[in-house]
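Let's take a walk through this protein together.

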Amino acid sequence: MREGYDGTGPGAITPDGCAVELYTRLPVGDEPDVIAAAVPAGAHILELGSGVGRVTHALLERGFTVTAVDESTEMLAHVRGARTICGPIEDLDLGERFDVVMLASFLVHNGDVEVSRGMLRACARHVAESGCVLIQREGGDYHANVPRERVDPSGFTVRIASSEPVGDGVHSVRAEYVFPDAAWTQTFLARPLTKEQFEQALAEAGLEVDAYLTPDGMWVRAVPVA
Ligand SMILES: C[S@@+](CC[C@H](N)C(=O)[O-])C[C@H]1O[C@@H](n2cnc3c(N)ncnc32)[C@H](O)[C@@H]1O
């Protein structure tokens, strides 16, 4: 388990506190639509932190090729139809370049600034010169609008129960997922980044914003600095 990260509930838990069975149950949202609108059809996508393939599988159905990376073998065991690579994103060095590198699920906000920087450097190391990096960042009220919850139409509740500052600009966040027959929690460290701080972090990795793809600014397309 990574320090400051934890998870409870049935089944395997990843080093960042995610429950594998939970992710097999979570439906895919609008992520594939956002991604498909932002990248060339049929692109080869390097998906960093793919989990069980919740988004991967929808991308494959749309005709993309995906290489899925995760540090959890238990997560990757559920991925079908994509090449899988197990290991920490921040250390990834495949010696290959991809049309698209994707860092979703707010991973860029990792509580350890060196891990976050390492992830962005891994994005830059693997993106083709003419390719792009898709990043999903937190919404502006992620840590302010707490507690909050959403009842999914399929019958489970997601709750961000708390977000407490723990020093050095880092928050400890507790998320709860309640299904009729099971419940999971995840505790993780997140570093909120203003737009300026986010763009500065990109610049340090040799990347720059090409477009904010959604009105809430959460999905970003970045490109290598020429
Ligand atoms: C919140 S889950 C999201 C999974 C998937 N992106 C989705 O949306 O369904 C985060 C995933 O990223 C993986 N992960 C987190 N930090 C990682 C790191 N530093 N290196 C490799 N995998 C990581 C976890 O193991 C987990 O499977």
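Which residues does UniProt list for "domain: Methyltransferase"? The unreviewed entry gives residues 45–131. Keep in mind that what you're looking at is a predicted model.

Now zoom out to the whole chain. It splits into domain 1, made of 6–140 + 191–224, and domain 2, which covers 148–189. Where the domains meet, 15 residues of domain 1 are in contact with 14 residues of domain 2. On the domain 1 side, strand 1 (6–8) and helix 1 (20–25) each put in at least two residues, and strand 1 gives the most, with three. What kind of residues make up that side of domain 1? They divide into six nonpolar, five polar and four charged.

Strand 1 also turns up in a sheet. Follow the order 1-10-9-8-7 and you'll trace an open sheet of five strands with antiparallel pairing. Strand 1 and strand 7 (148–151) are its edge strands, each pairing on one side only. From one strand to the next, the twist averages 15 degrees. Inside this sheet, strand 9 (residues 170–178) and strand 10 (residues 183–190) run antiparallel and are joined by eight bridges. If you'd like a spot to check by eye, find Glu176, which stands opposite Thr185 in strand 10.

The other sheet to look at is an open one of seven strands, ordered 4-3-2-5-6-12-11, and its pairing is mixed. On average, neighbouring strands here are turned by 25 degrees against each other, direction ignored. Strand 2 (residues 44–48) and strand 3 (residues 65–70) run parallel, with five bridges between them; one place to look is His44, whose bridge partner in strand 3 is Thr65. At strand 11, helix 6 (residues 195–204) lies across both that strand and strand 12 (219–224), running at about 135 degrees to strand 11.

Finally, the ligand. It's surrounded by 20 residues, the closest being Thr14, Gly49, Gly51, Arg54 and Glu71. The shell around the ligand divides into nine nonpolar, six polar and five charged residues.

Methods: Residues are numbered from 1 along each chain as its sequence is written. This is a predicted model: local features need pLDDT of at least 70, side-chain atom pairs count only at pLDDT 80 or more; totals for chains, interfaces and linings use all residues. UniProt positions are given in the numbering used here, feature names are shortened, and annotations may be inferred rather than shown by experiment. A residue is near a molecule or strand if its C-beta atom, placed from the backbone, lies within 6 Å of it. Ala, Val, Leu, Ile, Met, Phe, Trp, Tyr, Cys and Pro count as nonpolar, Asp, Glu, Lys and Arg as charged, and the others, Gly among them, as polar. Domain bounds come from an automatic or database domain assignment. Two residues are in contact if their C-beta atoms, placed from the backbone, lie within 7 Å. Helices (H or I, at least four residues) and strands (E, at least two) are DSSP runs, numbered from the N terminus. Two strands pair if DSSP finds at least two bridges between them. Axes are lines fitted to C-alpha atoms, for helices over the stretch in contact, and angles run from 0 to 180 degrees between N-to-C directions.
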